[in-house]
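Dear colleague,

I am handing over the structure below, and after it I set out what was found in it. Please read the notes with the model open beside you.

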Amino acid sequence: MLCYRIASFILSLILSQSLFASPVVIAHRGASGYLPEHTLEAVTLAIAQGADYIEQDLVLSKDLVPVVLHDIHLDRVTDVALKYPERKRQDGRFYTFDFTLAELKTLKVHERTRENGSKVFANRYQGNADFSIATFEDQIELVTELNRQRAENIGFYPEIKAPAWHKSQGADISKIVLDILRKHHLDDADKPVYIQCFDFSETQRLRNDLGAKVKLVQLIGENSWEISDTDYSYLQTPSGLSEIVKVAQGIGPSISHLIDIESKQITDLSSKAKKAGLAIHPYTLRVDALPKGFSNSTLLDMLFRQVKIEGLFTDFPDVVVGYLKQ
């Protein structure tokens, strides 16, 4: 009887630790609420603020080096139009894939701007420091070294950007990224690494064709964005989620997929995802761009206490870390 009680007590401890394990804080493009997105400086600050994972959006240079930029264009986050005005394509945009890594390294990174040149987030970093584009391996080295020196285990959360577009340019970004992870012994389900992608066919390819061992997360967007052939409405159904769980460990929906912003009610996506056995890591908590009618604490309470998410992307890692410590 005593052995049974001891065994039951140990089991209850294990279950309670599992159920109440701290959700992870994912630094969305680094501490991008404070410093220009995806720069090494933004990564360093995010680690100092207590983030558990650093996100890297990955696109390829002309010489097939994965660099950390939010999308395939350069003109909204760098001074490329000043330094290489003749290199824009017919659509008027400057493409990362048209520049070698050496050329990309000459560019100066600044806060994200709109087409008219105004800042997307007016109150964020307003200085003129010499920030530059980082490669994926630059960030791997930085995080690995800070982990070693600080005895921490901050993880990586790379996103494969526009895989179909890269293929149309003759480049296989997924294979290149996987090769780099394997070079650094990071293609391992037990390591703190997730690969995310909006393109479901590419998520399936990563697992089934390229043999990825790393944890995968299927991002959920809107069909109206036309960023891939993926049917995001279908992926949010029980049938769609059952397809995702065959290849991925979690989903990355927007906050508005989980909480109806108008009614302030929880949608049924979280219950369906949990029933399917998928973790939920929504995007993006921005303290300076909260949904209308929400305070920071109200939104975080709903996400962590009601939806019970397992992780959150945020431009302000310190804010979410502070909330969770409470």
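Helix α13 (residues 296-307) packs against helix α14 (residues 317-325) at an angle of about 65°, and their axes are 11 Å apart. Here axes are lines fitted to C-alpha atoms, for helices over the stretch in contact, and angles run from 0 to 180 degrees between N-to-C directions; helices (H or I, at least four residues) and strands (E, at least two) are DSSP runs numbered from the N terminus. The crossing of α13 with α14 is right-handed, a crossing being right-handed if the near helix is turned clockwise from the far one by less than a right angle, and left-handed if anticlockwise. N296, L300, D301, F304 and R305 of α13 meet V319, V320, Y323 and L324 of α14, where contact means heavy atoms within 4.5 Å. By class, the residues of this contact are six nonpolar, one polar and two charged (Ala, Val, Leu, Ile, Met, Phe, Trp, Tyr, Cys and Pro count as nonpolar, Asp, Glu, Lys and Arg as charged, and the others, Gly among them, as polar).

Before going further, please note that this is a predicted model, in which local features need pLDDT of at least 70 and side-chain atom pairs count only at pLDDT 80 or more, while totals for chains, interfaces and linings use all residues. Residues are numbered from 1 along each chain as its sequence is written, and side-chain values use heavy atoms, with hydrogens and water left out.

The crossing of α2 and α5 is right-handed.

Leaving aside residues up to four places away in sequence, Q218 touches several residues, including C197, F198, L235 and I244.

A102, by contrast, lies in helix α4 (residues 101-104) and counts as exposed, at 57% relative accessibility.

Finally, in helix α7 (residues 173-183), the buried residues include I173, I176, V177 and I180, and just after α7, H185 takes a positive phi of about 60°.

Methods:
Buried < 20%, exposed > 50% of the residue type's maximum accessible area, 1.4 Å probe, protein only.
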